[in-house]
Amino acid sequence: MTKTLYKNGTILTMAQEESAEAVLVENGKIAYVGSIEKAETLVDENTEIKDLQGNTLLPGFIDPHSHFFYYVPAFGYRNLSPSPIGKVNTIEDLKNEMREHIKVNNIPKGGWVIGMGYDTAGFEDQRHPNKFDLDDISDEHYIIVAHASNHLGAINSKVLEHLKIDENSKDPQGGLYGRVEGTNEPNGYMEETAFMTEIMALFPKLGTDELMENVLKLQEYYASFGITTTQDGMLDQARMDIAIEAEKRDLLKLDFVLYPGKPEVENNMLDNYTISKDYDGKHYRLGGVKLFLDGSPQGRTAWLTEAYEDINNGQGSDYKGYPIFSDEVVYDYLKYSIENGYQVLTHVNGDAAIDQLLNMYDKARKDLNFKEDLRPVAIHSQITRDEQIDRYKELGMIPSYFVDHTFFWGDTHIQNLGERAQRISPLKTTKEKGVRFTLHQDTPVIPPNMIRTINSAVSRATKNGVNLTDEEKITVYDALKAITIDGAYQYHEEDRKGSIEVGKLADFVILDKNPLSISNDEILDIQVLETIKEDMVVFSK
């Protein structure tokens, strides 16, 4: 029997606001939480003593929405993020980064060149790159650049030719091909299904050993932010194969909850796998299924009930974004999910998409007379009306908010949404209405930086320093709950994770500061020192 005693620091259990003096772990599970005096009577000569040296121990952070195994093959693509994450703040910066990527990696003519994470919010003219920009990088390589949302992107002429997309090509359902102004000629820009389905399928395939190396690197990256449980929120068979192979090689150190997407479900992927609340001795499990209903507000593709602000971009004064699927399609998928007892994660950014989810889920549940607690999740839930939060409560639905939108795209939302931008991610209203919620980063959209997320939840400041309404700010403690105990609740794992209590897994993060005892201005200075999974160190700074 292996034992570890954690002491000499602040221990935030998240089971209550008061801290504990000591935690004793036996065989990867918490055996005692309380006073140091009592803990020291429970140790023996073989017990490892973990001196916290005045630092702060918390439950390991739980990432409630991410795309881990999607990110694995993309981990080596060029980072096109703007500051403070990257350095692409203009289209010229983007071109230079991609040229450097070709040069440094010695990518031959006819090779594929992929960049991820550009964001028009920081570009002076706020336009997307097009085929002319990408042809200027190279017309002898296949070039793809993905927007930070992963819902939008651009390709060069060589990729358009490869796909045989021309002026006669019609927009796919739920997507759009950009056109050269005044013509039907594709300009290389693509939205939603046009990009997510057609273009992402072209990303080059890595060898198995390369993929496994990336699995290890990416786990350490996630663990460096204190994360011990994460997700793949749009699983396909290729990503499932990565998870299976990594588990077979004993490479998985974190826990992963996986959600196949609608196309995979309809292609009978679940005939070969079981959705379960148990890991069955592995580090991954299938937790339910996924559904997309709209796009992104920063890309003006989220589906709204009231029109976007007209910014003279050709969409018109009555443009409200658009749905991905009809009500009938959504109803059938949700009914299938409910009658099979599956938790469903649904991507909804705009309030019209949220209405569609609520209405169709409610109808399917009533038609089936279904009462079981499935804990469906509304992913992102950016533009949410108060009465929709009441309906979340009625349906037992959990909103998982992408609150970092306040910082990364708050200024863009003010431009696109007007006054509605003030209440994106309405955390305080949600808490006051008694609805549990979680907070995520949608990685690889942005890094899985839980400390920045806490800061966004309590400050709601945009990149340009605009303070979005104080009425939706929450406390640091409530932000911590959303990435610990309430994250575990979303996954139906609150009996074994999310707080430091006897019988739960010894999943911990050690911070150099106590988030509850510093000013909000100091939150971003907090450092993750160690991340511990079942009493094993998986990251050390």
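This is a predicted model: local features need pLDDT of at least 70, side-chain atom pairs count only at pLDDT 80 or more; totals for chains, interfaces and linings use all residues.
## The chain as a whole

The secondary structure of the chain comes to 18 helices and 23 strands. Along the principal axes, its C-alpha atoms fill a box of roughly 80 × 55 × 50 Å. The radius of gyration is 23 Å, which agrees with the value near 24 Å that a compact globule of 541 residues would have.

Of the 541 residues, 59% count as buried, while the chain exposes about 21400 Å², with carbon and sulfur atoms supplying 44% of that area. When contacts between residues at least 6 apart in sequence are considered, 71% of them join residues that are at least 24 apart.

## Strand β1 and its partners

Strand β1, which covers residues 3-12, has 7 of its 10 residues buried, so it is largely enclosed by the rest of the structure. It is joined by 7 bridges to strand β2 (residues 19-26), and these two strands run antiparallel; within this pairing, I11 has A20 as its bridge partner in β2. The two strands form a hairpin with 6 residues between them, and in the turn M14 has a positive phi of about 65°.

Strand β1 also pairs in the parallel sense with strand β4 (residues 48-51), through 4 bridges, and here L5 stands opposite I49. A further parallel pairing, with 2 bridges, links β1 to strand β5 (residues 56-59), where T10 stands opposite T56.

## Two open parallel sheets

Strands β13 (residues 227-235) and β14 (residues 255-260) pair over 5 bridges, and P260 in β14 is the bridge partner of L235.

Strands β17 (residues 343-348) and β18 (residues 377-380) pair in the parallel sense over 4 bridges, with V377 in β18 as the bridge partner of L345.

## Helix α16, a covered helix

Helix α16, formed by residues 450-459, is mostly covered, as 10 of its 10 residues are buried. The buried residues include M450, R452, N455 and S459, along with I451, I454 and V458.

The N-terminal end of α16 is capped by N449, which has a side-chain oxygen lying 3.1 Å from the backbone nitrogen of I451. After the helix comes R460, whose phi is positive, near 55°.

## Two residues in their surroundings

N187 is found in strand β12, which spans residues 186-192. Its relative accessible area is 15%, and because buried means under 20%, N187 counts as buried. The side chain of N187 reaches the backbone oxygen of R179 at 3.4 Å. Leaving aside residues up to four places away in sequence, N187 touches N130, K131, G178, R179 and V180.

R423, by contrast, lies in the loop between α14 (410-417) and α15 (427-432), and at 26% relative accessibility R423 counts as partly exposed. Not counting residues up to four places away in sequence, R423 touches Q382, T384, D386, T429, R460, T469 and E472; among them is R460, the residue that follows α16. The side chain of R423 makes a polar contact of 2.6 Å with the side chain of D386, and a polar contact of 3.2 Å joins the side chains of R423 and E472. R423 and G299 are 124 residues apart in sequence, and their C-alpha atoms are 18 Å apart in space.

Definitions and conventions
Residues are numbered from 1 along each chain as its sequence is written. Side-chain values use heavy atoms; hydrogens and water are left out. Buried means under 20% relative accessible area, exposed over 50%, partly exposed in between (1.4 Å probe, protein chains only). A polar contact is a pair of N or O atoms within 3.5 Å; within protein, one must be able to donate a hydrogen and the other to accept it, and residues adjacent in sequence count only if both atoms are side-chain atoms. Contact means heavy atoms within 4.5 Å. Two strands pair if DSSP finds at least two bridges between them. The radius of gyration is taken over C-alpha atoms; the globule rule is 2.2 Å times the number of residues to the power 0.38. Accessible areas come from the Shrake-Rupley method with a 1.4 Å probe; for residues, only the protein chains shown count as cover.
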